[in-house]
Amino acid sequence: MTTLSQSPSCSTTVSHAIGDAAAAAIAMIMKSLADPLRLRMLSAIASDPRAESCVCDLAELADVSQPTVSHHLKVLKDAGVLVSERRGTWVWYSIEASLRPAITTLLESFAPAALAPSASTDRYQGLEDVDEALTHMAANLSARHPQLSADAVAGVVRESYAGLARAARITTHLVPLTERFARQRLADLERDRVAAPPQVLFVCVANAGRSQLAAAMVERASQGRVVARSAGSSPAAAVHPSVRPLLEELGVGAPLEAFPKPLTDDAVRAADVVITMGCGDVCPIIPGVRYEDWAVGDPAMASPEGATAIRDDIAVRVDALLESLLGSPTMDPAPRVATEQNRSRGARR
Amino acid sequence: MGARAIDPADHAGRRPLDRGSAESIAQTLRALADPTRLQLLSLIASAPDGQVTIGVLADALGLRQPTVTHHIRILVADGVVQREPVGRQVWISLSPDRRDDILDLLR
(Lines give C-alpha, C1' and ligand atoms only; values in the text may rest on other atoms or scores of the structure.)
Protein backbone atom coordinates (compact mmCIF):
# COMPACT_ATOMS: atom_id res chain seq x y z
CA MET A 1 0.00 0.00 0.00
CA THR A 2 2.99 2.26 0.34
CA THR A 3 3.82 3.65 -3.00
CA LEU A 4 6.61 6.05 -2.31
CA SER A 5 5.95 9.38 -3.85
CA GLN A 6 9.48 9.35 -5.17
CA SER A 7 10.20 11.25 -8.29
CA PRO A 8 11.98 9.38 -11.09
CA SER A 9 15.09 11.49 -10.74
CA CYS A 10 16.12 10.93 -7.16
CA SER A 11 19.80 11.18 -7.94
CA THR A 12 19.85 14.66 -6.45
CA THR A 13 20.00 14.98 -2.67
CA VAL A 14 16.27 15.48 -2.34
CA SER A 15 13.56 14.95 -4.91
CA HIS A 16 10.71 17.36 -5.43
CA ALA A 17 8.30 18.49 -2.80
CA ILE A 18 4.63 18.47 -3.73
CA GLY A 19 3.81 21.70 -5.52
CA ASP A 20 2.55 24.83 -3.81
CA ALA A 21 -0.92 24.47 -5.28
CA ALA A 22 -1.26 20.80 -4.36
CA ALA A 23 0.04 21.45 -0.84
CA ALA A 24 -2.43 24.30 -0.38
CA ALA A 25 -5.31 22.15 -1.64
CA ILE A 26 -4.46 19.21 0.64
CA ALA A 27 -3.92 21.52 3.61
CA MET A 28 -7.34 23.06 2.99
CA ILE A 29 -9.03 19.65 3.05
CA MET A 30 -7.08 18.58 6.13
CA LYS A 31 -8.06 21.78 7.93
CA SER A 32 -11.69 21.08 7.23
CA LEU A 33 -11.19 17.65 8.81
CA ALA A 34 -9.09 18.82 11.76
CA ASP A 35 -12.04 19.19 14.11
CA PRO A 36 -13.25 16.46 16.47
CA LEU A 37 -16.93 16.95 15.72
CA ARG A 38 -16.43 16.98 11.95
CA LEU A 39 -14.27 13.86 12.16
CA ARG A 40 -16.97 12.10 14.11
CA MET A 41 -19.64 13.12 11.61
CA LEU A 42 -17.45 12.02 8.74
CA SER A 43 -16.77 8.68 10.39
CA ALA A 44 -20.50 8.27 11.05
CA ILE A 45 -21.25 8.84 7.37
CA ALA A 46 -18.39 6.53 6.32
CA SER A 47 -19.64 3.74 8.57
CA ASP A 48 -23.31 4.21 7.70
CA PRO A 49 -24.51 1.08 5.86
CA ARG A 50 -26.55 3.34 3.55
CA ALA A 51 -23.30 5.21 2.61
CA GLU A 52 -25.08 8.45 3.43
CA SER A 53 -26.57 10.12 6.49
CA CYS A 54 -29.10 12.84 7.15
CA VAL A 55 -28.69 15.78 9.49
CA CYS A 56 -31.11 14.13 11.88
CA ASP A 57 -28.84 11.07 12.36
CA LEU A 58 -25.77 13.21 12.87
CA ALA A 59 -27.29 15.54 15.45
CA GLU A 60 -28.20 12.50 17.53
CA LEU A 61 -24.72 11.04 17.26
CA ALA A 62 -22.86 14.08 18.49
CA ASP A 63 -25.57 15.25 20.86
CA VAL A 64 -25.47 18.77 19.49
CA SER A 65 -28.12 20.96 17.92
CA GLN A 66 -29.05 20.67 14.25
CA PRO A 67 -27.79 24.17 13.36
CA THR A 68 -24.37 23.20 14.79
CA VAL A 69 -24.39 20.05 12.71
CA SER A 70 -25.44 21.97 9.62
CA HIS A 71 -22.63 24.46 10.11
CA HIS A 72 -19.99 21.73 10.31
CA LEU A 73 -21.49 19.88 7.35
CA LYS A 74 -21.26 23.07 5.33
CA VAL A 75 -17.54 23.38 6.14
CA LEU A 76 -16.98 19.83 4.89
CA LYS A 77 -19.11 20.47 1.83
CA ASP A 78 -17.29 23.71 1.00
CA ALA A 79 -13.99 21.84 1.24
CA GLY A 80 -15.32 19.33 -1.29
CA VAL A 81 -15.28 16.42 1.16
CA LEU A 82 -19.04 15.88 1.27
CA VAL A 83 -21.80 16.15 -1.30
CA SER A 84 -25.44 16.62 -0.41
CA GLU A 85 -28.78 15.80 -1.96
CA ARG A 86 -32.19 16.94 -0.81
CA ARG A 87 -34.84 14.25 -0.81
CA GLY A 88 -38.17 15.15 0.73
CA THR A 89 -37.74 16.84 4.10
CA TRP A 90 -34.12 15.90 4.68
CA VAL A 91 -30.79 16.67 3.12
CA TRP A 92 -28.62 13.57 2.77
CA TYR A 93 -24.84 13.76 2.94
CA SER A 94 -22.31 11.37 1.45
CA ILE A 95 -18.55 11.40 0.93
CA GLU A 96 -17.45 12.83 -2.42
CA ALA A 97 -16.67 9.82 -4.63
CA SER A 98 -13.10 10.75 -5.56
CA LEU A 99 -12.17 11.29 -1.91
CA ARG A 100 -13.66 8.03 -0.65
CA PRO A 101 -10.37 6.03 -0.79
CA ALA A 102 -8.49 8.81 0.97
CA ILE A 103 -11.15 9.14 3.68
CA THR A 104 -11.16 5.37 4.21
CA THR A 105 -7.38 5.49 4.64
CA LEU A 106 -7.70 8.37 7.05
CA LEU A 107 -10.31 6.71 9.24
CA GLU A 108 -9.15 3.10 9.11
CA SER A 109 -5.40 3.31 8.84
CA PHE A 110 -4.23 6.75 9.80
CA ALA A 111 -6.56 7.18 12.75
CA PRO A 112 -5.48 4.05 14.64
CA ALA A 113 -1.82 4.93 14.05
CA ALA A 114 -2.38 8.44 15.34
CA LEU A 115 -3.93 6.97 18.48
CA ALA A 116 -1.33 4.28 19.12
CA PRO A 117 0.86 5.11 22.08
CA SER A 118 4.41 5.86 21.15
CA ALA A 119 7.01 3.24 21.93
CA SER A 120 9.70 5.80 22.62
CA THR A 121 9.43 9.04 24.52
CA ASP A 122 12.52 10.64 23.08
CA ARG A 123 10.89 11.36 19.77
CA TYR A 124 9.12 14.22 21.52
CA GLN A 125 12.29 15.99 22.42
CA GLY A 126 12.48 19.31 20.74
CA LEU A 127 15.45 20.61 22.67
CA GLU A 128 18.80 18.94 23.23
CA ASP A 129 18.96 20.04 26.84
CA VAL A 130 15.57 18.60 27.81
CA ASP A 131 17.16 15.32 28.78
CA GLU A 132 19.56 17.03 31.13
CA ALA A 133 16.79 19.18 32.60
CA LEU A 134 14.63 16.13 33.30
CA THR A 135 17.52 14.26 34.95
CA HIS A 136 18.20 17.27 37.14
CA MET A 137 14.49 17.62 37.99
CA ALA A 138 14.25 13.93 38.91
CA ALA A 139 17.23 14.24 41.26
CA ASN A 140 15.69 17.29 43.00
CA LEU A 141 12.28 15.72 43.38
CA SER A 142 13.78 12.45 44.53
CA ALA A 143 15.41 14.29 47.45
CA ARG A 144 11.95 15.59 48.45
CA HIS A 145 10.37 12.17 48.23
CA PRO A 146 12.73 9.84 50.11
CA GLN A 147 9.97 7.22 50.48
CA LEU A 148 9.85 6.72 46.71
CA SER A 149 12.72 5.09 44.84
CA ALA A 150 14.84 7.32 42.61
CA ASP A 151 13.81 5.19 39.62
CA ALA A 152 10.13 5.66 40.39
CA VAL A 153 10.56 9.43 40.62
CA ALA A 154 12.55 9.52 37.38
CA GLY A 155 9.82 7.44 35.73
CA VAL A 156 7.11 9.86 36.85
CA VAL A 157 9.13 12.83 35.59
CA ARG A 158 9.70 11.29 32.15
CA GLU A 159 6.12 10.12 31.81
CA SER A 160 4.89 13.57 32.80
CA TYR A 161 7.07 15.15 30.15
CA ALA A 162 5.98 12.70 27.45
CA GLY A 163 2.32 13.13 28.41
CA LEU A 164 2.47 16.91 28.20
CA ALA A 165 4.70 16.98 25.10
CA ARG A 166 2.19 14.90 23.18
CA ALA A 167 -0.33 17.71 23.29
CA ALA A 168 2.02 20.68 23.33
CA ARG A 169 2.15 23.04 20.37
CA ILE A 170 4.63 25.43 21.92
CA THR A 171 7.43 23.87 23.88
CA THR A 172 8.65 26.94 25.77
CA HIS A 173 6.97 26.04 29.05
CA LEU A 174 7.27 22.32 28.74
CA VAL A 175 9.99 21.77 31.32
CA PRO A 176 8.46 23.93 34.10
CA LEU A 177 5.03 22.44 33.34
CA THR A 178 6.54 18.97 33.59
CA GLU A 179 7.87 19.86 37.01
CA ARG A 180 4.47 21.09 38.24
CA PHE A 181 2.71 18.05 36.84
CA ALA A 182 5.34 15.64 38.27
CA ARG A 183 5.06 17.29 41.71
CA GLN A 184 1.29 16.77 41.70
CA ARG A 185 1.69 13.17 40.66
CA LEU A 186 4.33 12.42 43.31
CA ALA A 187 2.11 14.02 45.96
CA ASP A 188 -0.75 11.84 44.70
CA LEU A 189 1.40 8.70 44.95
CA GLU A 190 2.24 9.46 48.57
CA ARG A 191 -1.16 10.72 49.60
CA ASP A 192 -2.44 9.40 52.92
CA ARG A 193 -6.09 8.74 52.19
CA VAL A 194 -7.06 8.82 55.86
CA ALA A 195 -5.24 11.88 57.11
CA ALA A 196 -5.08 14.09 54.03
CA PRO A 197 -7.79 16.62 53.19
CA PRO A 198 -10.44 15.38 50.73
CA GLN A 199 -9.25 15.32 47.15
CA VAL A 200 -11.41 15.79 44.06
CA LEU A 201 -10.41 15.02 40.48
CA PHE A 202 -12.27 16.69 37.63
CA VAL A 203 -11.95 14.96 34.26
CA CYS A 204 -13.15 16.22 30.91
CA VAL A 205 -11.91 15.57 27.39
CA ALA A 206 -9.50 18.43 26.75
CA ASN A 207 -8.82 19.67 30.33
CA ALA A 208 -9.00 23.12 28.74
CA GLY A 209 -12.31 24.46 30.09
CA ARG A 210 -14.84 22.78 32.37
CA SER A 211 -12.47 20.73 34.50
CA GLN A 212 -10.04 23.65 34.89
CA LEU A 213 -12.84 25.96 36.04
CA ALA A 214 -14.23 23.41 38.49
CA ALA A 215 -10.82 22.69 40.03
CA ALA A 216 -10.04 26.39 40.39
CA MET A 217 -13.40 27.00 42.08
CA VAL A 218 -12.92 24.15 44.55
CA GLU A 219 -9.43 25.33 45.48
CA ARG A 220 -10.64 28.86 45.97
CA ALA A 221 -13.98 28.30 47.69
CA SER A 222 -12.62 25.64 50.07
CA GLN A 223 -9.53 27.71 50.87
CA GLY A 224 -7.29 24.67 50.91
CA ARG A 225 -9.64 22.41 52.87
CA VAL A 226 -10.25 20.38 49.71
CA VAL A 227 -7.52 19.55 47.19
CA ALA A 228 -8.61 19.73 43.55
CA ARG A 229 -6.97 18.20 40.52
CA SER A 230 -8.04 18.22 36.90
CA ALA A 231 -7.16 16.14 33.86
CA GLY A 232 -8.28 15.41 30.33
CA SER A 233 -8.73 12.13 28.48
CA SER A 234 -7.19 13.85 25.46
CA PRO A 235 -5.61 17.06 26.75
CA ALA A 236 -5.51 20.14 24.54
CA ALA A 237 -2.38 22.18 23.98
CA ALA A 238 -3.61 25.08 26.11
CA VAL A 239 -6.56 26.33 28.13
CA HIS A 240 -9.33 27.50 25.82
CA PRO A 241 -9.12 31.25 25.11
CA SER A 242 -12.71 31.87 26.23
CA VAL A 243 -11.99 30.19 29.57
CA ARG A 244 -8.70 31.92 30.34
CA PRO A 245 -10.36 35.20 31.50
CA LEU A 246 -12.75 33.24 33.73
CA LEU A 247 -9.79 31.47 35.32
CA GLU A 248 -8.08 34.82 35.78
CA GLU A 249 -11.12 36.00 37.76
CA LEU A 250 -10.56 32.98 39.97
CA GLY A 251 -6.91 33.89 40.39
CA VAL A 252 -5.33 31.13 38.35
CA GLY A 253 -4.88 32.73 34.96
CA ALA A 254 -1.16 32.16 34.54
CA PRO A 255 -0.20 29.52 31.96
CA LEU A 256 1.89 27.72 34.58
CA GLU A 257 -1.05 27.48 36.97
CA ALA A 258 -3.75 26.14 34.69
CA PHE A 259 -2.56 23.85 31.93
CA PRO A 260 -4.13 20.80 30.28
CA LYS A 261 -2.84 17.52 31.68
CA PRO A 262 -3.40 13.91 30.68
CA LEU A 263 -5.50 11.64 32.89
CA THR A 264 -3.43 9.14 34.87
CA ASP A 265 -4.49 6.12 36.90
CA ASP A 266 -2.57 7.52 39.87
CA ALA A 267 -4.66 10.69 39.87
CA VAL A 268 -7.85 8.63 39.94
CA ARG A 269 -6.47 6.40 42.67
CA ALA A 270 -5.51 9.38 44.83
CA ALA A 271 -8.94 11.01 44.55
CA ASP A 272 -11.82 10.58 46.98
CA VAL A 273 -14.26 11.85 44.37
CA VAL A 274 -13.86 11.73 40.59
CA ILE A 275 -16.15 14.01 38.65
CA THR A 276 -16.40 13.34 34.94
CA MET A 277 -17.60 16.11 32.67
CA GLY A 278 -18.31 14.57 29.32
CA CYS A 279 -15.78 11.74 29.14
CA GLY A 280 -17.17 9.10 31.50
CA ASP A 281 -16.22 6.29 29.15
CA VAL A 282 -12.45 6.66 29.45
CA CYS A 283 -12.15 7.12 33.20
CA PRO A 284 -10.77 4.03 34.95
CA ILE A 285 -13.00 2.75 37.73
CA ILE A 286 -11.04 2.24 40.96
CA PRO A 287 -12.75 0.67 43.99
CA GLY A 288 -13.30 3.03 46.90
CA VAL A 289 -13.48 6.13 44.73
CA ARG A 290 -16.79 8.00 44.47
CA TYR A 291 -17.81 8.88 40.92
CA GLU A 292 -20.14 11.60 39.72
CA ASP A 293 -20.92 12.75 36.21
CA TRP A 294 -21.76 16.42 35.72
CA ALA A 295 -23.57 17.19 32.48
CA VAL A 296 -22.35 20.72 31.93
CA GLY A 297 -21.86 22.50 28.62
CA ASP A 298 -18.52 22.81 26.87
CA PRO A 299 -17.24 26.41 27.04
CA ALA A 300 -14.94 25.73 24.09
CA MET A 301 -17.97 25.83 21.83
CA ALA A 302 -19.79 28.62 23.64
CA SER A 303 -19.95 32.38 23.22
CA PRO A 304 -18.42 34.49 26.04
CA GLU A 305 -21.92 34.78 27.58
CA GLY A 306 -22.38 31.04 27.19
CA ALA A 307 -19.03 30.36 28.84
CA THR A 308 -20.02 32.58 31.78
CA ALA A 309 -23.33 30.71 32.12
CA ILE A 310 -21.45 27.39 32.13
CA ARG A 311 -19.10 28.77 34.77
CA ASP A 312 -22.10 29.71 36.96
CA ASP A 313 -23.62 26.26 36.46
CA ILE A 314 -20.36 24.66 37.61
CA ALA A 315 -20.18 27.04 40.61
CA VAL A 316 -23.56 25.83 41.92
CA ARG A 317 -22.46 22.20 41.62
CA VAL A 318 -19.10 22.94 43.27
CA ASP A 319 -20.90 24.41 46.28
CA ALA A 320 -23.07 21.35 46.68
CA LEU A 321 -19.98 19.15 46.36
CA LEU A 322 -18.04 21.09 48.99
CA GLU A 323 -21.00 20.93 51.32
CA SER A 324 -21.10 17.15 50.94
CA LEU A 325 -17.34 16.85 51.53
CA LEU A 326 -16.96 19.30 54.38
CA GLY A 327 -20.30 18.65 56.00
CA SER A 328 -21.30 22.29 56.30
CA PRO A 329 -22.11 25.08 53.89
CA THR A 330 -18.95 26.70 52.61
CA MET A 331 -17.95 29.95 54.24
CA ASP A 332 -18.14 31.71 50.97
CA PRO A 333 -20.60 30.09 48.58
CA ALA A 334 -20.98 30.49 44.85
CA PRO A 335 -21.42 34.27 44.81
CA ARG A 336 -17.66 34.58 45.28
CA VAL A 337 -17.78 34.77 41.56
CA ALA A 338 -20.48 37.41 41.72
CA THR A 339 -18.37 39.42 44.16
CA GLU A 340 -15.63 39.34 41.61
CA GLN A 341 -18.01 40.59 38.96
CA ASN A 342 -19.28 43.39 41.19
CA ARG A 343 -15.76 44.45 41.85
CA SER A 344 -14.88 44.66 38.21
CA ARG A 345 -18.16 46.41 37.51
CA GLY A 346 -17.31 48.92 40.24
CA ALA A 347 -13.89 49.45 38.77
CA ARG A 348 -15.38 50.25 35.42
CA ARG A 349 -17.70 52.92 36.81
CA MET B 1 -6.77 3.06 29.15
CA GLY B 2 -8.22 3.18 25.71
CA ALA B 3 -11.15 5.28 24.69
CA ARG B 4 -14.22 3.14 24.14
CA ALA B 5 -16.98 4.28 21.87
CA ILE B 6 -20.37 4.56 23.49
CA ASP B 7 -22.15 5.79 20.43
CA PRO B 8 -25.56 4.32 19.78
CA ALA B 9 -24.89 4.13 16.06
CA ASP B 10 -22.90 0.91 15.84
CA HIS B 11 -23.64 -0.20 12.32
CA ALA B 12 -22.11 -2.92 10.25
CA GLY B 13 -19.30 -3.67 12.67
CA ARG B 14 -17.76 -0.28 12.06
CA ARG B 15 -18.31 2.37 14.67
CA PRO B 16 -18.07 6.10 14.33
CA LEU B 17 -15.08 7.54 16.17
CA ASP B 18 -15.63 8.24 19.82
CA ARG B 19 -14.99 11.70 21.09
CA GLY B 20 -11.58 11.16 22.67
CA SER B 21 -10.19 9.52 19.54
CA ALA B 22 -11.63 12.27 17.35
CA GLU B 23 -9.88 14.88 19.52
CA SER B 24 -6.50 13.16 19.11
CA ILE B 25 -6.83 12.71 15.39
CA ALA B 26 -8.00 16.28 14.90
CA GLN B 27 -4.90 17.38 16.76
CA THR B 28 -2.62 15.47 14.39
CA LEU B 29 -4.51 16.81 11.39
CA ARG B 30 -4.07 20.34 12.68
CA ALA B 31 -0.34 19.68 12.87
CA LEU B 32 -0.29 18.45 9.28
CA ALA B 33 -2.81 20.87 7.74
CA ASP B 34 -0.36 23.50 6.61
CA PRO B 35 1.01 23.81 3.07
CA THR B 36 4.62 24.27 4.20
CA ARG B 37 4.50 21.34 6.59
CA LEU B 38 2.98 19.13 3.90
CA GLN B 39 5.77 20.12 1.54
CA LEU B 40 8.35 19.39 4.22
CA LEU B 41 6.77 15.98 4.83
CA SER B 42 6.82 15.17 1.14
CA LEU B 43 10.50 16.15 0.96
CA ILE B 44 11.38 14.02 3.97
CA ALA B 45 9.33 11.10 2.62
CA SER B 46 11.03 11.22 -0.76
CA ALA B 47 14.59 11.72 0.48
CA PRO B 48 16.84 8.95 -0.89
CA ASP B 49 17.70 7.40 2.48
CA GLY B 50 14.60 8.63 4.30
CA GLN B 51 16.32 11.43 6.17
CA VAL B 52 17.37 15.00 5.45
CA THR B 53 18.93 17.89 7.30
CA ILE B 54 17.19 21.16 8.17
CA GLY B 55 19.55 22.97 5.84
CA VAL B 56 18.61 20.83 2.84
CA LEU B 57 14.90 21.31 3.59
CA ALA B 58 15.33 25.07 3.87
CA ASP B 59 17.22 25.25 0.57
CA ALA B 60 14.74 23.03 -1.26
CA LEU B 61 11.77 25.20 -0.27
CA GLY B 62 13.56 28.53 -0.28
CA LEU B 63 12.84 29.10 3.41
CA ARG B 64 14.99 30.31 6.29
CA GLN B 65 16.31 27.64 8.64
CA PRO B 66 14.44 29.01 11.72
CA THR B 67 11.20 28.78 9.74
CA VAL B 68 11.87 25.15 8.90
CA THR B 69 12.89 24.42 12.50
CA HIS B 70 9.59 25.91 13.70
CA HIS B 71 7.51 23.69 11.43
CA ILE B 72 9.61 20.62 12.20
CA ARG B 73 9.12 21.21 15.91
CA ILE B 74 5.35 21.09 15.47
CA LEU B 75 5.62 17.84 13.53
CA VAL B 76 8.00 16.37 16.12
CA ALA B 77 5.65 17.33 18.95
CA ASP B 78 2.89 15.36 17.30
CA GLY B 79 5.15 12.37 16.77
CA VAL B 80 4.86 12.45 12.99
CA VAL B 81 8.52 13.19 12.45
CA GLN B 82 11.62 12.44 14.49
CA ARG B 83 14.86 14.33 14.75
CA GLU B 84 18.27 12.91 15.46
CA PRO B 85 21.21 15.15 16.22
CA VAL B 86 24.42 13.81 14.70
CA GLY B 87 27.36 16.03 15.49
CA ARG B 88 26.31 19.55 14.57
CA GLN B 89 23.69 18.37 12.08
CA VAL B 90 20.13 17.40 12.87
CA TRP B 91 18.65 14.68 10.68
CA ILE B 92 14.92 14.59 10.18
CA SER B 93 12.99 11.46 9.25
CA LEU B 94 9.40 10.22 9.37
CA SER B 95 8.57 8.30 12.56
CA PRO B 96 8.79 4.62 11.55
CA ASP B 97 5.39 3.72 13.01
CA ARG B 98 3.64 6.57 11.19
CA ARG B 99 5.50 6.36 7.89
CA ASP B 100 3.02 4.26 5.90
CA ASP B 101 0.04 6.33 6.93
CA ILE B 102 1.71 9.61 6.17
CA LEU B 103 2.71 8.38 2.74
CA ASP B 104 -0.88 7.27 2.15
CA LEU B 105 -2.16 10.71 3.05
CA LEU B 106 0.35 12.50 0.82
CA ARG B 107 -0.53 10.57 -2.31
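Which residue in β3(A) is the bridge partner of C54(A)? The bridge partner of C54(A) in β3(A) is W92(A). This is a predicted model, in which local features need pLDDT of at least 70 and side-chain atom pairs count only at pLDDT 80 or more, while totals for chains, interfaces and linings use all residues. Residues are numbered from 1 along each chain as its sequence is written, and chains are lettered from A and ligands numbered from 1 in the order in which they are written.

**The sheet of chain A**
- Three strands (E runs in DSSP of at least two residues) make up an open antiparallel sheet of chain A in the order β1-β3-β2, where pairing requires at least two DSSP bridges between two strands.
- β1 (53–54) and β2 (82–87) of chain A are the edge strands, each pairing on one side only.
- β1(A) is joined by two bridges to β3 (residues 90–95) of chain A, and the two run antiparallel.
- Helix α2 (residues 36–46) of chain A packs on the sheet and touches β1 and β3 of chain A, a contact meaning C-beta atoms, placed from the backbone, within 7 Å.
- The direction of α2 makes about 85° with that of β3(A), on a scale from 0 to 180 degrees between N-to-C directions.

**The helix pair of chain B**
- Helices α3 (residues 54–61) and α4 (residues 65–77) of chain B pack at an angle of about 110°, with their axes 9 Å apart.
- That angle makes α3(B) roughly perpendicular to α4(B), a label covering 65 to 115 degrees.
- I54(B), G55(B), L57(B) and A58(B) in α3(B) meet Q65(B), V68(B), T69(B) and I72(B) in α4(B).
- The residues of this contact of α3(B) with α4(B) comprise five nonpolar, three polar and no charged, with Gly counted among the polar.

Key:
Helix = DSSP H or I, 4+ residues; strand = E, 2+ residues; numbered from the N terminus. Contact = placed C-beta atoms within 7 Å. Parallel < 35°, antiparallel > 145°, perpendicular 65-115°, else oblique.
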